[in-house]
Each structure stands twice: as C-alpha cells, then as structure tokens.
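Q: I am new to this structure and would like to learn how to read its features one at a time. Could we begin with the terms and then go to the cases?

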2 protein chains.
Amino acid sequence: MKFIIQREPLMESVQNVIKAISSRTTIPILSGIKIEATNNGIKLTGSDSDISIESFIPIEENGIVYVEQIETGSVVLQAKYFPEIIRKLPDKTVELEVDEKLKVTIRSGSAEFSLNGQDAEEYPMLPQIHNEDSFDLPSDMLKDLIRQTAFAISTLETRPILTGVNVKAIDNNLYFVATDSHRLASRQIPFENQTLGFSSVVIPGKSLNELNKIIGDTQENVNICIMQNQIMFQTKNVYFLSRLLDGNYPETSRLIPEQSKTIVYVSTNDLLRAIDRASLLAKENKNNVVKLVTKPNNQLEVSSNSPEIGRVLEEVTAKHINGEELKISFSSKYMLDALKAIDSDQVKIEFTGAMRPFIIRPTENDQILQLILPVRTY
Amino acid sequence: MKFIIQREPLMESVQNVIKAISSRTTIPILSGIKIEATNNGIKLTGSDSDISIESFIPIEENGIVYVEQIETGSVVLQAKYFPEIIRKLPDKTVELEVDEKLKVTIRSGSAEFSLNGQDAEEYPMLPQIHNEDSFDLPSDMLKDLIRQTAFAISTLETRPILTGVNVKAIDNNLYFVATDSHRLASRQIPFENQTLGFSSVVIPGKSLNELNKIIGDTQENVNICIMQNQIMFQTKNVYFLSRLLDGNYPETSRLIPEQSKTIVYVSTNDLLRAIDRASLLAKENKNNVVKLVTKPNNQLEVSSNSPEIGRVLEEVTAKHINGEELKISFSSKYMLDALKAIDSDQVKIEFTGAMRPFIIRPTENDQILQLILPVRTY
C-alpha cells in the first residue's frame, strides 16, 4: 500500500474515526485505525465494537485532488500516536507507505516516521447494512433532536434501556425521547415516510453524542438506516454505525399530565439566569434544589437556602401566571438543562401541584416537551 | 459596612486575590476573602500565608466612579462561592452590606444573596513592609524574567531551595536563575540600582507563577521590595507579598562550561518543531529522550526510537555547524522548554561532548542562557 494525501482532509478523517476508538478496548486490534487504499480513495475505520466510524477521502472532490499515486492495500496503525503525528507534520502533503513486514513509513517534508503496523486482515468486519428501511434527515435537524433530548438519558447502568434515546415513528411524527426517570426530554418532528419497517428503537446516548460531534450544522441530508440491532447514519463521506439497545423502552406518554392547575408564561432567559444564580448556593445540597413560588402581580420567587453558606432570593417577572398559587422545589440542574433545550424566547410551564411532574414547552409550539419531577421539601 | 460598587472592577479584584487562596488551608479563615471598606475605596485580601494578595478598588479612577455610598467596615466571606456569585449577578452595580451579626447581603438587580460572613478581626495581619530596599521593573520585563526561568525550578521537595528562583544582583546586572539540577535557565538584565541592601534571594516558583498571572503585559512599573524573609511586588492597585525560601542557593556559575567543542547555529523554530515531532514517539520513554547527530553539509539529524511503536527521523538544516562531530541524547521536554524561552529566531548551541552539559543562547545576545544535561545513551 502506498499513497500521497493532502494533510488537511486526512487530519479531519482521523479526527472523525478516533471518536469511536476506546483505549480500554478488550480487542487489541480495535485500539488501532484501519487504513485502506482503494482506487477510489482512502478509507479510515475506527471502532469500539459498539460504535464504528468509517471516513472516506475520495481521490478528488470539487476539482480538488486529495490523493495521488495510490497503490492499493490496507494496514492497521496505533490510534494513540497517529493523530498527533499527522497534526504536527511539516508539509501540506503526507506520503504513507507500507512494506511487506507491515512497517509503515510516513513522510512529510524532511520528517520521516517509521511505525509498526498490524495486519488489516485481523480487523473485524463491520456489519453490512442493506439500505432498505432508510430515511433522510437534514444534518442540522438531527443535531437539534440529539441536543434537545440526549442530555436526559440515565447515566446509571441499573436500567440499561434508559441510557439510550428512544426513537419512534407514530402516525405522521418522528419522536426522540429520553428519560432518567426523574425528568424526560422529548422532541417531535413531522415525518411523512410511512414505508418504514421500524416503529421504535433505542439508540445509546453515547453513540448519539459522538455522532453529534461528527456531523456538521448544515442542511445536508443524513441517511439513516435501521436494521435489527444496528443503526447507520451516512453522510457523503462518513458512515457511522451503532448498535441498538435491547429491550422495550418504557411507555412514557402516560407520565405527561393531561391537565394543569397553574400555568406560567415567562422569558426563558430571565428564568434561566435566576435559576443559575440560585443554583450557586444549591450546589451544597445533594440535589441542587431550588424553590419556585408564585406571587401576586405575575412575580415568580426563585430561592435557595444552604444553612451553612447562606440564602439567595430573586423575583422574576412572568408574562402571565394563570391558575392556583404554587410552591414547588426541583433540581436546578434539571431545570437549567430543560430551559437550555427549549430554543425559544418564551416558555410555558404547566404545573399540577407541588408533588406532580411539571412540563415546560416553548410558548409557540408543542414540538419540544421537557418534564421534571419535583423534589419534596414543603 | 456598606457600599455600592461597579461589578467589573470588583470581579477583576476578586479574580486577583483568589489566586492566593488555597482550599486546603489549615487556617480556616484563610479560605475566605477579606473585604474592607475605607473612605478611599475597597480593599480585598486573599492569603494562604505563603502568598498574600491585596487588591484595591479606589472610589474613583480616571474620572470613573467605581464605589459609592461607603460605610466603612470589614468582613470575611467564603472564597468558594463569592467569585461565581459576582460573575453571575444581573446588574452592572453591586450593593454589599453587612449587619451586626456578620450577615452579608449582596444585591444586584432583582437578585439578593444573603451569606454568612466571618469576623475580619480574626483574619491574620499581613507583614508590614517598609519601602527601603525597593527597586522598579517594568511589568512586561518582570513577566519575561519569570517566563524564561521559572519553568526550570524543581518540583521535588527533596531540595526545597531548588523549588525557587534565585534572584541576585551582581555588579551591574540582575539575574534570575532556576535549576532542577538536570537543566538550568538564566536571564540577566542590566541593573543600575547599586543602593540595594540585598544581593541574593530565592523566591518560590509558585509565587512567581501566580504573580505572572496577575501583572499585565505593560510597561508600567512594578515596585519590588525585599525584606528579610518576604518580598513584595506592588503595582498601582495590587500588592503581592510572598515569603522567601530559607537557605543558600547553590552556586550555579561553575556549571556553565567555559569552552565548547561543537557549536551549532540554527533556526529556533525549525529545531523546535523537529524536536516536537521526535518527542511524539519519545513519550513512551521515561525521559522523553531524543537524539541529535551532526551530519555533513550543516545537517542536524533529530531522531527518536521506541522499539514497540516505531522510529522518527528528521534532518534540520543548520545555519552553521562548527567544530567536532557530535552525537548526543537529551530530554525533548527540557529542550522544548529551553527553545520556547529563547525569544529569538536563531539560537547558538554550544556542546562540549556527549556527556557534558550544553548551553543554548540567542545568537544576538547573552542575556538568556539555557543549560541542559544530556542523557547517556551512546
């Protein structure tokens, strides 16, 4: 194998595939990056067996030549050193050559690295996906769906299914739902594709967070293909494969209260900043608890109390407060996470009493729903 | 005590004084910030008893009013929460008020914090310095002196005196010298002040690194005053006090070879980048060792070898190589530190054989000297 490649696209591809590589892998060859040279270009692969990422550098794109003088072949190189080596090479081009003893020589300008490679035959084959049940989502929308829900997954392995995001197609909507059983984040989008064979899958939150780092904030489509136990996200040059979580995701729709006793309309940012300040002293509490009390004249009192340190109290002027008076306590972290995911200047918060879950939505649409269970302090 | 203060200068002062505060202090009150309101302005103090920092906010400066409605007094507030509280307050001004029970109320916009204060009478008195033996250095020059030497201090407590930087006045020069006994960094500047009572002191490296973060990269003077076991650095509104290290600093001048067998003139950046690349594979070695070999036609061969990972080899074209052929090995980290401190496009490196210390200087002056002991590998 031999080729000469532009350093910039090589660097970018390496950065993509190393996101799948774990230094704690139990399969030694997976601590490496697989490099394949074909007549079409160079393919890099990284995998921890849960997530696999392939990144392709074509020989030419938009009239720019990326790869030259290809002699086909493949090798696996230690991922620990390769990215830093590529980043620090002196020249704009990099020559990579493998001899029959799997010695890899990397040349750039006056620098020459000689690294011990491994046999690419030993690298596991990635599962093949047949693009039958596939659909497209714009990249920026997929990023929104992840950002607005994946933070609410459980980090505990006691209920593994909750460490994933439930993606389901119901009627003409696609839903992303995550819950750690103390709060829930849900986002829905209109979804016309009725020919899909899938109705509900659970994608590991970790996979979605890595995917989110790789795909761009553009309107380019990501092709999504779901198989029995795998999901594939494909962009022009990146192929991202994740296993799905086994098991049934709990039915979450019945958690959402259907009626409310107190409705608050308030500026997202005013409330967010007041709760952020109140949380400064709440950090000493185990649950970061802040209190919210409705007051006359559309005032919301946000407060927190840590006997050893002190107390913080702030009034936020709401746009409207409708319904019963309310005193409620909740985790400031959950509230801050939810408000940051709302993506709207104004939020509508619906309470059903101090001990019942409450829901937060943008005032102007129902596509985003954040639900939080209160904390018993009164 | 009560005052209303602009949030920005208060924030800046808090950031300065917390650099002296350690969360692991054995004197509980030193985990707090002392706040004093006088008729001239507000003084903040932080201390870990080795370093003490005072920062003063005058009631007015350059026609801008910083502090208003002062009622004099003092209090000590927990440093753990205060900086974040000030940073996140909603308004441009902050009102701070202490009642007779040492309850501190902080108001800004609609936010109100109520914190438990401590009695400022319990805060230790800082040593008083009499400005007798004082001299001035421009702030940017002091920063250079620190940056070019303090990295070479020892981090081991086996020889405590080496954890400091030796500052000495000899003839018409002021020297900053640091060594960990494997390498040495020295910077000298012309120094006319002959009336000083001090000839040599050792300032803890930690103190100088904290000082470096506080003083600006400007030509404003820093007044430096040395007492028996303390040194004080004073700028317009900051007063930085550090203890000095006890004991005699070793005589380092005899470590510096007086003659050399091989002299290399080379671009600082070319050599630095080649050694940086070679060090990528050298990281596995305990000492980060790279090799340097002189070759014909002014070539320097930089290389490193890690049997398990691979090998890196690079030729750097020197401007001149004079004298004997040379093969030498050294710590890439020490070499990178030294080259970064040189502040010159071209360096002159003087070797006296593979087992003798070598020195690195800018080609155009002798004010900076970096010395490194080689590693025995040949």
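This is a predicted model: local features need pLDDT of at least 70, side-chain atom pairs count only at pLDDT 80 or more; totals for chains, interfaces and linings use all residues.

Q: Which residues of H6(B) are buried?

A: The general idea is that a residue counts as buried when its relative accessible area is under 20%. Helix H6 of chain B, residues 332-341, is mostly covered, since eight of its 10 residues are buried. These are B:Ser332, B:Tyr334, B:Met335, B:Leu336, B:Asp337, B:Ala338, B:Leu339 and B:Ala341. When you look along such an element, remember that an α-helix has 3.6 residues a turn, so residues three or four places apart point the same way. After H6(B) comes B:Asp343, whose phi is positive, near 55°.

Q: How should I read chain A as a whole, and how many helices and strands are there in it?

A: Chain A has six helices and 28 strands, and its C-alpha atoms fill a box of roughly 80 × 50 × 40 Å along the principal axes. Of the 378 residues of chain A, 54% count as buried. If you take the contacts in chain A with a separation of 6 or more, residues 24 or more positions apart account for 65% of them.

Q: Why is strand E4 of chain A described as largely enclosed?

A: Seven of the eight residues of strand E4 of chain A, residues 51-58, are buried, so the strand is largely enclosed by the rest of the structure. To see what pairs with this strand, look for bridges to other strands. Strand E3 of chain A, residues 41-47, runs antiparallel to E4(A) and is joined to it by seven bridges, and A:Gly46 has A:Ile53 in E4(A) as its bridge partner. The hairpin of E3(A) and E4(A) has three residues between the strands, and there A:Ser49 takes a positive phi near 75°. E4(A) also pairs with strand E19 of chain A, residues 238-243, in the antiparallel sense over five bridges, where A:Val238 in E19(A) is the bridge partner of A:Ser55.

Q: How do I read the contact between the two chains, and how many residues does it take from chain B and from chain A?

A: The size of an interface is often given as the accessible area lost when the parts come together. Here the area buried between chain B and chain A is about 2,700 Å², and carbon and sulfur atoms give 50% of that. Within chain B, the residues B:Tyr81, B:Lys88 and B:Leu280 lose the most area to chain A, and together they make up 22% of what that side buries. The contact takes 29 residues from chain B and 29 residues from chain A.

Q: Which elements of chain B give two or more residues to the side that touches chain A, and what polar links are found across the interface?

A: Across the interface of chain B and chain A there are 18 residue pairs in polar contact, counting pairs with both residues at pLDDT 80 or more. The elements of chain B that give two or more residues to this side are helix H2 (82-88), strand E11 (111-116), helix H5 (268-282) and strand E23 (310-317). By class, the side of chain B that touches chain A has 13 nonpolar, four polar and 12 charged residues. The rule finds two salt bridges across the interface, and the side chains of A:Lys88 and B:Asp276 meet in a salt bridge at 3.0 Å, N to O. Strands also pair between the chains: strand E23 of chain A, residues 310-317, is joined to E11(B) by five bridges in an antiparallel arrangement, with A:Glu314 standing opposite B:Ala111 in E11(B).

Terms used. Residues are numbered from 1 along each chain as its sequence is written. Chains are lettered from A and ligands numbered from 1 in the order in which they are written. Side-chain values use heavy atoms; hydrogens and water are left out. Contact means heavy atoms within 4.5 Å. Buried area is the accessible area (1.4 Å probe) that two parts lose on being put together, summed over both. A salt bridge is a side-chain nitrogen of Lys or Arg within 4 Å of a carboxyl oxygen of Asp or Glu. A polar contact is a pair of N or O atoms within 3.5 Å; within protein, one must be able to donate a hydrogen and the other to accept it, and residues adjacent in sequence count only if both atoms are side-chain atoms. Helices (H or I, at least four residues) and strands (E, at least two) are DSSP runs, numbered from the N terminus. Ala, Val, Leu, Ile, Met, Phe, Trp, Tyr, Cys and Pro count as nonpolar, Asp, Glu, Lys and Arg as charged, and the others, Gly among them, as polar. Two strands pair if DSSP finds at least two bridges between them. Buried means under 20% relative accessible area, exposed over 50%, partly exposed in between (1.4 Å probe, protein chains only).
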